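Visitor: Could you walk me through this model and tell me what stands behind each label?
Guide: Gladly; let us take the terms one by one.

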Amino acid sequence: MSDLMGIAVVTLMIWVGLFGYVYRLDRKVSRLED
Amino acid sequence: MRVADISKIGLLVWLAAVIVAAFFYVHAAEGFIGESSRIVFFHVPMAWIAVLAFLVSCVTSVMYLRRRDPRDDIRASVSAGLGLLFAFLATTTGAVFAKIMWGAYWNWDPRQTSITILLLIYAAYLALRGAVDDPERRASLSAVYAILAFVTVPFLVFVVPRIYWSLHPDTIINTRGTNEFDSRYTQVLLASVLGFTGLYVWLYTIGCRIEAIRQRRRQEVLDV
């Protein structure tokens, strides 16, 4: 795997992880609002 | 599936596509060491979001002073916090670029210096909010501070780095008023700015909702 491919994969993993965290937080806030 | 969920999944896919395009759709730009030019697709949108967030904080602060609606105070504080976060991320990605291009993470370049001042100004905003207990007094003081703080933003972000000689590349917004990026760079950069703006709107909405719940619970405790 080239360096560029490695950095791209790590960046994608960071983005998907961040998205998952914020999505769960969003759901949790929705539950608290009910 | 609700429309809100579809738009969130859309944001996930959109920014994932931007990441793939940033690494594989565009070529490394000439005049930059290695692949360092690709950082522009993340660094510039982060800086853009910081300015947008500080603008929203200023506008909602003006609205608070006019209407005295506590929700405007919440909006201003959440947006200032997000602006600080994105300004910090822009500084960090800029430092990585500086290390590759100029050999050191920090060079006291006019742009690095001006963003440091900006970070300190908005960190002081959050410190001010933490130092005042009375909610109405806190809201009024921080609204006035946020308006004054935003006055410095155009100077620190757009004017100062162009007055002094800078190491910072000026291919996007430059003193000649031209865009010297090739078309693929422009396409990916605009897509990234759009995606980051969507991310900011989502985080801002969640932040406002959390703060509203926190205030409601605080009020319930006081009422008991």
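Guide: Helices (H or I, at least four residues) and strands (E, at least two) are DSSP runs, numbered from the N terminus. By that rule chain A has 1 helix and 0 strands. This is a predicted model, where local features need pLDDT of at least 70 and side-chain atom pairs count only at pLDDT 80 or more, while totals for chains, interfaces and linings use all residues. Residues are numbered from 1 along each chain as its sequence is written, and chains are lettered from A and ligands numbered from 1 in the order in which they are written.

Visitor: What are the spans of the C-alpha trace of chain A along its principal axes?
Guide: They are about 50 × 10 × 5 Å. Of the 34 residues of chain A, 3% count as buried; a residue is buried if 20 or more other C-beta atoms, placed from the backbone, lie within 10 Å of its own, exposed if 12 or fewer, and partly exposed in between.

Visitor: What makes two residues a contact, and how many residues does each chain bring?
Guide: Their C-beta atoms, placed from the backbone, must lie within 7 Å. Chain B brings 14 residues and chain A 13 residues. On the side of chain B that touches chain A, H1(B) gives the most, with 7 residues.

Visitor: Which residues touch the most other members of the largest nonpolar core?
Guide: Ala50(B) and Ala53(B) do, in a core of 47 residues. A nonpolar core is a set of buried Ala, Val, Leu, Ile, Met, Phe, Trp, Tyr and Cys residues joined through C-beta atoms within 7 Å. H2(B) gives the most to this core, with 14 residues. Leaving aside neighbours within four places in sequence, Ala53(B) is in contact with Ser79(B), Leu82(B), Gly83(B), Phe86(B) and Tyr200(B).

Visitor: How do you know at what angle H2(B) and H5(B) cross?
Guide: Axes are lines fitted to C-alpha atoms, for helices over the stretch in contact, and angles run from 0 to 180 degrees between N-to-C directions. On that scale the two axes cross at roughly 145° and come within 8 Å. Residues of this contact include Phe54(B) of H2(B) and Phe150(B) of H5(B).
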